[in-house]
Amino acid sequence: MPSEELVDLSVRIQGYLSCIERYNYEKIGEFERFFELQAAECCYDNEANLAVLKQYQFNPALTKMDILSLILLKAMTNLPHPDFTLCKYLIDPRLLEEKPLPTIIMLGEMLERCEFSKFWEELEHNRELVAGISGFEDSVRRFISHVVQIAYQQVNVKILSNVFCFSNEEQLVQWIASMGWKINHDNTSIVMVANQAENIKCRNIREKVNLDDICGVRMYLQR
């Protein structure tokens, strides 16, 4: 359940976003606080976060590197949606060279390239970046699950273990079950991700032919 502060602030922020107040620099503190609550309480409002970045564009002196870092990391949790790229291009290129933004950009690009094992290795060396973001790892794993479902009908458990990076096998088994995937009873090293036959859908195709078109064809054949 979201906190009362988050709910109240969300209502005010939505009001600002619907009018010119979204560009009022005096409201930036409320936007920043709203974002901090999003990170702490595992919720997400991309429009509000983009409004913060716009404020930083108009008022560079108000820019806070810790908020920029959190915005990029939260946008990363919403892959495969393009939020991460949108946020990245709203940030001054000079700021993208300041720590810790290069590391965050690298992490996001690893996910976009589906270099999942490398992502977890790099994240392990930068745990402090995501310490204040509730549910960060599971959000990333949901994106990885999305990619796995697109790429595989069946996959080896070892591959899943590498791309999900759970600390023990029990957690992996629970995640597999939560995704509705099934372990092959005949070969427990194989996970059935999707049954292509179940995904086939019938489609009725209707074509409309005008009477004038039929008459034209008939006249041509009678020549």
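The model is predicted. The structure holds eight aromatic pairs. Two of the pairs, both involving Phe164, are described below: Phe164 with Phe166, and Phe164 with Trp181. There are zero disulfides.

**Aromatic cluster**

- Four residues make up one aromatic cluster: Phe164, Phe166, Trp175 and Trp181.
- The structure has eight aromatic pairs. In one of them, the ring centres of Phe164 and Phe166 are 6.2 Å apart. Their planes meet at 40 degrees, so this pair is tilted. The tilted class lies between stacked, under 30 degrees, and edge-to-face, over 60.
- Phe164 is buried, because its relative accessibility is 0%.
- Phe166 has a relative accessible area of 19% and is buried too. The cut-off for buried is under 20%, so Phe166 at 19% falls on the buried side.
- Phe164 also pairs with Trp181, again with ring centres 6.2 Å apart. The planes stand at 35 degrees, so the pair is tilted.
- That pair links distant parts of the chain, as its two residues are 17 residues apart. Phe164 belongs to helix α9 (residues 157–164). Trp181 sits in the loop between α10 (169–178) and β2 (182–183).
- Trp181 has a relative accessible area of 4%, so it is buried.

**A charge over a ring**

- Arg141 lies over the face of Phe166. The distance to the ring centre is 4.1 Å.

- Ile28 is placed in helix α2, which covers residues 28–41.
- The residue is buried, because the relative accessible area of Ile28 is 8%.
- Leaving aside residues up to four places away in sequence, Ile28 touches Val52, Gln55, Tyr56 and Leu62.
- Gln55 is 27 residues from Ile28 along the chain. The C-alpha atoms of Ile28 and Gln55 are separated by 7.2 Å.

**Cysteines**

- The structure holds zero disulfides. Cys43 is accordingly in no disulfide. The nearest cysteine sulfur to that of Cys43 belongs to Cys42, 7.7 Å away. A disulfide needs the sulfur atoms within 2.5 Å.
- Cys43 is partly exposed, because its relative accessibility is 25%.
- Cys114 has a relative accessibility of 36%, so it counts as partly exposed.

Terms used
Residues numbered from 1 in each chain as written. Predicted model: local features only at pLDDT ≥ 70, side-chain atom pairs only at ≥ 80, totals over all residues. Heavy atoms only, no water. Phe/Tyr/Trp six-rings, centres within 6.5 Å; stacked < 30°, edge-to-face > 60°. Buried < 20%, exposed > 50% of the residue type's maximum accessible area, 1.4 Å probe, protein only. Helix = DSSP H or I, 4+ residues; strand = E, 2+ residues; numbered from the N terminus. Lys NZ or Arg CZ within 6 Å of the ring centre and 35° of its normal. Contact = heavy atoms within 4.5 Å.
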